[in-house]
Amino acid sequence: MSNFGNQVQFEVYQTMTQPDPDRLPVSYEEWEARAREVLEDGPFYYVAGGAGGEETMKDNLQSFTRWKIVPRMLKNVENRDLNVELFGKRYDSPLLQAPIGVQSIIHEGGELASARASAALNIPYIASSASTRTMEEVAGVMGEAPKWFQLYWNKDPEVTASFVRRAEASGYDAIVVTLDTPMMAWREKDLKNVYLPFLIGEGVGNYFTDPVFRSRLGAPPEEDPAQAVMHWTKTFGNPGLTWEHLLFLREHTDLPILLKGILHPDDAKKALDFGVDGIIVSNHGGRQVDGAVSSLDALPPIVEAVGKELPVLMDGGIRRGADVIKALSLGAKAVLVGRPCMYGLAVAGEQGVHEVLRNLLADTDITLALCGCSSIAELNESILQASKG
Ligand SMILES: Cc1cc2nc3c(=O)[nH]c(=O)nc-3n(C[C@H](O)[C@H](O)[C@H](O)COP(=O)(O)O)c2cc1C
Ligand SMILES: CCCCCCC(=O)C(=O)O
């Protein structure tokens with residue numbers, strides 16, 4: 001990985017020698033603007049939008065500006081390595097693709113395109129329960145590359161257990177249980193656009209192929225899709241979940257279990273008590289509780305509460321290398337990237353996701369070096385200063 005950042009920089013500069021109107025964007029803002037051009041209102045705002053007045057979604061970005069980096073000099077940063085260890089396994093970098101459902105509404109390549117882009121860079125892909133393509137299809141295009149499975153806990157425990165069995169059988173390395181979405185939040189943009197992809201049969205691939213889910217239907221989804229969608233809407237989310245339900249999951253898998261959506265340090269401590277293996281500090285990209293604390297602001301107290309015992313990851317607002325460096329310096333072991341990958345997917349399919357992730361890796365590598373560090377392990381709060389402004 002040494003000097004990876006500068007090699008990518010050079011490649012990008014080289015494309016400028018031939019004027020090309022189709023040249024891929026570089027900045028997050030430009031990717032988003034190009035995605036806006038290619039997507040209809042419904043899908044674009046489904047991705048770009050948040051809950052309520054989108055206060056939390058905006059604050060996820062703003063909170064990064066409240067920390068300033070204070071770089072160190074003369075530290076010999078010629079040879080660098082971005083690798084991190086999670087659950088006894090080495091990963092090439094501290095980046096993962098966040099679980100994102102219904103990618104078929106963004107690009108025909110959908111989840112398979114995103115998974116292939118991840119695999120090419122050896123960046124773990126977290127396959128969403130709410131994917132249009134099945135977890136088996138996703139695993140099938142990823143080979144030995146790292147992959148995690150994100151679980152939406154179904155009201156039917158046998159469906160939940162079946163998803164976990166399938167994830168294990170397909171070679172996923174960890175189970176990420178998302179806790180913050182037992183129901184869809186009040187998302188004003190989707191309500192205005194009257195847009196809910198699941199009702200038109202997107203994002204239900206894992207369910208419609210699941211033997212237990214199918215056994216609950218009067219007729220197979222291929223014969224009566226409306227009835228299958230109706231059953232899905234009734235069973236998808238489980239607002240009745242409690243901490244004790246995690247014991248059921250533990251009985252069904254030996255894979256590392258991470259809880260996604262933790263924002264309170266007391267919940268982080270409970271996660272520890274209930275024997276989970278890791279947590280992901282997240283507010284779902286500002287898509288669930290509007291007014292919730294930003295992910296970056298939630299991170300330090302959670303690291304303080306459980307960081308010595310449990311790996312704490314985070315997502316929400318990671319857009320540039322400096323964001324990655326700030327989150328890791330505040331104690332995150334790794335970060336998940338959400339919307340930037342989806343804008344890459346919208347603009348240029350697999351190539352777009354690859355470009356977004358490769359550039360973010362390069363930016364992270366360069367920023368790490370310019371801060372005076374050669375490895376992720378060297379990052380800590382000593383290179384940060386809380387903004388006075
Ligand atoms: C279109 C879209 C779909 C999402 N689907 C899921 C999902 O299926 N499961 C999940 O745990 N999180 C889902 N998320 C949340 C992301 O995993 C992640 O928490 C969030 O996007 C991170 O914020 P960022 O977009 O600012 O990077 C989704 C986010 C978006 C934008
Ligand atoms: C009924 C809620 C489905 C949400 C699945 C996708 C998702 O997590 C999102 O944020 O959108």
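Reader: Which residues does Arg187 touch, not counting residues up to four places away in sequence?

Author: Arg187 touches Gly49, Ala51 and Arg287. Being in contact here means that the C-beta atoms of two residues, placed from the backbone, lie within 7 Å. Before we go on, this is a predicted model, in which local features need pLDDT of at least 70, side-chain atom pairs count only at pLDDT 80 or more, and totals for chains, interfaces and linings use all residues. Residues are numbered from 1 along each chain as its sequence is written, while chains are lettered from A and ligands numbered from 1 in the order in which they are written.

Reader: Good to know. Is Arg187 buried or exposed?

Author: Arg187 is buried, because 21 other C-beta atoms lie within 10 Å. The cut-offs are 20 or more other C-beta atoms within 10 Å of the residue's own for buried, 12 or fewer for exposed, and partly exposed in between, with C-beta atoms placed from the backbone.

Reader: And where does Arg187 lie?

Author: Arg187 is in the loop between β7 (175–178) and α8 (188–193). Those labels are DSSP runs numbered from the N terminus: helices are H or I with at least four residues, and strands are E with at least two.

Reader: What does UniProt list under "binding site"?

Author: The unreviewed UniProt entry lists Tyr46, Tyr152, Arg187, Lys260, His284 and Arg287. UniProt positions are given in the numbering used here, feature names are shortened, and annotations may be inferred rather than shown by experiment.

Reader: Let's take Tyr152, then. Where is Tyr152, and what is Tyr152 in contact with?

Author: Tyr152 sits in the loop between β6 (147–151) and α7 (157–169). Leaving aside its neighbours within four places in sequence, Tyr152 is in contact with Ser129, Ala130, Thr178, Thr181 and Phe236. Tyr152 counts as buried because there are 22 C-beta neighbours inside 10 Å.

Reader: Which residue has the "active site" feature?

Author: That is His284, according to the unreviewed UniProt entry. His284 lies in the loop between β9 (278–281) and α14 (295–306). With 25 other C-beta atoms within 10 Å, His284 is buried. Apart from neighbours within four places in sequence, His284 is in contact with Asp180, Thr181 and Gly261.

Reader: Now the ligands. Which residues surround ligand 2?

Author: Gly101, Ala130, Thr181, Met184, Phe236, Gly237, His284 and Arg287 surround ligand 2. Ala, Val, Leu, Ile, Met, Phe, Trp, Tyr, Cys and Pro count as nonpolar, Asp, Glu, Lys and Arg as charged, and the others, Gly among them, as polar.

Reader: How many residues surround ligand 1, and which are the closest?

Author: Ligand 1 is surrounded by 23 residues, and the closest are Ala98, Gly101, Ser128, Gly285 and Gly338. By class, the shell around ligand 1 has eight nonpolar, eleven polar and four charged residues.

Reader: Changing topic: where is Phe87, and what is its phi?

Author: Phe87 is in the loop between β2 (84–86) and β3 (89–91). Although Phe87 is not a glycine, it has a positive phi of about 50°. Most residues other than glycine have a negative phi. Phe87 is partly exposed, with 14 other C-beta atoms within 10 Å.

Reader: What does Asp277 touch, not counting residues up to four places away in sequence?

Author: Phe87 is one of the residues that Asp277 touches, along with Pro256, Ile257 and Leu258. Asp277 is in the loop between α13 (265–273) and β9. Asp277 counts as partly exposed, since it has 18 C-beta neighbours inside 10 Å.

Reader: Last one: where is Asn122, and why does Asn122 count as exposed?

Author: Asn122 is found in the loop between α5 and β5 (125–128). Asn122 counts as exposed because it has 12 C-beta neighbours inside 10 Å. Asn122 has a positive phi of about 55° although it is not a glycine.

Technical notes: A residue is near a molecule or strand if its C-beta atom, placed from the backbone, lies within 6 Å of it.
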